[in-house]
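The entries follow the order in which I looked things up.

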Amino acid sequence: MTTSPARQSYVLGVNQAELDRLGLQHQLWASRTGALWERAGIRNGDTVLDIGSGPGFATFDLSRLVGPEGRVVAIDEAEMYVEHLRSQAQARGIGHIDVVHGDVQNLREVFGDSPRFDAAYARWVLCFVKDPEAVVAQAAALLKPGGQLVVQDYFNYQEMALAPKSAAFERVIAAVQKSWRDRGGDPDIGGRLPGMMRRAGLTVREITPQLRVARPTDTLWAWPDTFYRNFVPALEQMGYISADERAAFEREWSRASNDPDTFVYTPPLVEIVATK
């Protein structure tokens, strides 16, 4: 079977299991994301670019926020996710969503250089691409004067931890980061974004950390749980961990999932709003 370009670049995979995980992830972050959009001033009638939209879970929320008077343009390189978004928009009868199949690192080729968006949004996208500065610069060029670039992405990813501390868990976290970096990504991209935004002519007006704790009895526990169920087997297949390391992690994770006294410090991220 030939591997698609999208599957090669998006290390977490393009498949039904990952689509389902992305939907759960969005649900668990929806309230915080909505609060960020509100602080950024995204409102009814705006035209918004959803960068790396995936299957479109944020796209639909943005479409409700901007209303029929506005427009959301979603772009993603994974054909499966693009087709899912298109079919869902059609099934729901939403006419103010445009869906584009394309590489977010080549926004200029798709949209040109003329400013046309009131806001652009990217969540957990820049950490995976090889040239995040190109994405930021081209997104900035597409913003109208006063437009907002709004980003949620990881910073200091290695601080993710299981409590009590676990060597098996820490080995997997190190392997996750290496797998991303080997594909050209950066799990600490948030620390580099303010400089990229300044060089693109934007003024950073907000940097807000998001630090969350998940316990086995919380709904948030499903966020790391589904990630590990999907990705730990892939880490073994790709050679980043051994079969013994995978088994040790799975034993430790199973134990933690049934221990009311444990918790996970989830990967830290930053929310950044920059204005043109």
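**Entry 1: M197**

I started with the contacts of M197. Leaving aside neighbours within four places in sequence, M197 is in contact with V136, L149, V151, L202, V204, I272 and A274. I noted before going further that this is a predicted model. M197 is found in helix α8, residues 193-199. Is M197 buried or exposed? M197 has a relative accessible area of 0%, so I put it down as buried. I then checked the distance to K276. M197 and K276 are 79 residues apart in sequence, yet their C-alpha atoms are 9.4 Å apart in space.

**Entry 2: G147**

I located G147 in strand β5, residues 143-154. G147 is buried, because its relative accessible area of 3% is under the 20% cut-off. I also looked up E170. The two residues are 23 apart along the chain, and I read 40 Å between the C-alpha atoms of G147 and E170.

**Entry 3: L126**

V136 and V151 turned up again next. L126 touches P132, V135, V136, V151, D153, I189 and L193, residues up to four places away not counted. Where is L126 found? I found L126 in the loop between β4 (117-123) and α6 (132-142). L126 is in a loop, but at 3% relative accessibility it counts as buried. For a distance check I took D46. L126 and D46 are 80 residues apart in sequence and 23 Å apart in space, C-alpha to C-alpha.

Q25 lies in helix α2. I looked up its accessibility: Q25 is buried, with a relative accessible area of 7%. Beyond its neighbours within four places in sequence, Q25 is in contact with W124 and W223. I followed those two tryptophans. Ring pairs link W29, W124, F128, Y154, Y157, W180 and W223 into a cluster.

I then searched the whole structure and got 19 aromatic pairs. I picked out F169 and W253, which form a stacked pair. Their ring centres are 6.2 Å apart, with 20 degrees between the planes. What does this pair tie together? F169 lies in helix α7 (residues 167-182) and W253 in helix α10 (residues 243-257), so the pair ties together parts that are 84 residues apart in sequence. I checked burial for both partners. F169 counts as buried at 1% relative accessibility, and W253 is buried with a relative accessible area of 6%.

**Entry 4: charges over rings**

I noted two arginines here. R212 lies over the face of W29, 4.6 Å from the ring centre. W29 is one of the residues in the ring cluster. The charged end of R92 sits over the ring of F60, at 3.9 Å from its centre.

**Entry 5: helix α4**

I turned to α4, residues 79-91. α4 has 13 residues and reaches 18 Å from its first C-alpha to its last, close to the 18 Å expected at 1.5 Å a residue. Which residues of α4 are buried? I listed Y81, V82, L85 and A89. They cover an arc of only 100 degrees around the axis, which puts them on the same side of α4. I reminded myself of the general rule: an α-helix has 3.6 residues a turn, so residues three or four places apart point the same way. On the other side of α4, Q90 and A91 are exposed.

I looked up what the buried side meets. The buried residues of α4 pack against α2 (16-40), α3 (57-66), β2 (71-76) and β3 (97-101). G93 follows α4 and has a positive phi, near 70 degrees.

**Entry 6: the whole chain**

I finished with the totals. I counted 10 helices and 10 strands in the chain. The C-alpha trace spans about 55 × 45 × 30 Å along its principal axes. The radius of gyration is 19 Å, which agrees with the value near 19 Å for a compact globule of 276 residues. Of the 276 residues, 53% count as buried. Last, I looked up contacts between residues at least 6 apart in sequence. Of these, 82% join residues at least 24 apart.

How values were computed: Residues numbered from 1 in each chain as written. Predicted model: local features only at pLDDT ≥ 70, side-chain atom pairs only at ≥ 80, totals over all residues. Heavy atoms only, no water. Helix = DSSP H or I, 4+ residues; strand = E, 2+ residues; numbered from the N terminus. Expected span 1.5 Å × (residues − 1). Buried < 20%, exposed > 50% of the residue type's maximum accessible area, 1.4 Å probe, protein only. Arc of directions from axis to C-beta. Contact = heavy atoms within 4.5 Å. Phe/Tyr/Trp six-rings, centres within 6.5 Å; stacked < 30°, edge-to-face > 60°. Lys NZ or Arg CZ within 6 Å of the ring centre and 35° of its normal. Rg over C-alpha atoms; globule rule 2.2 N^0.38 Å.
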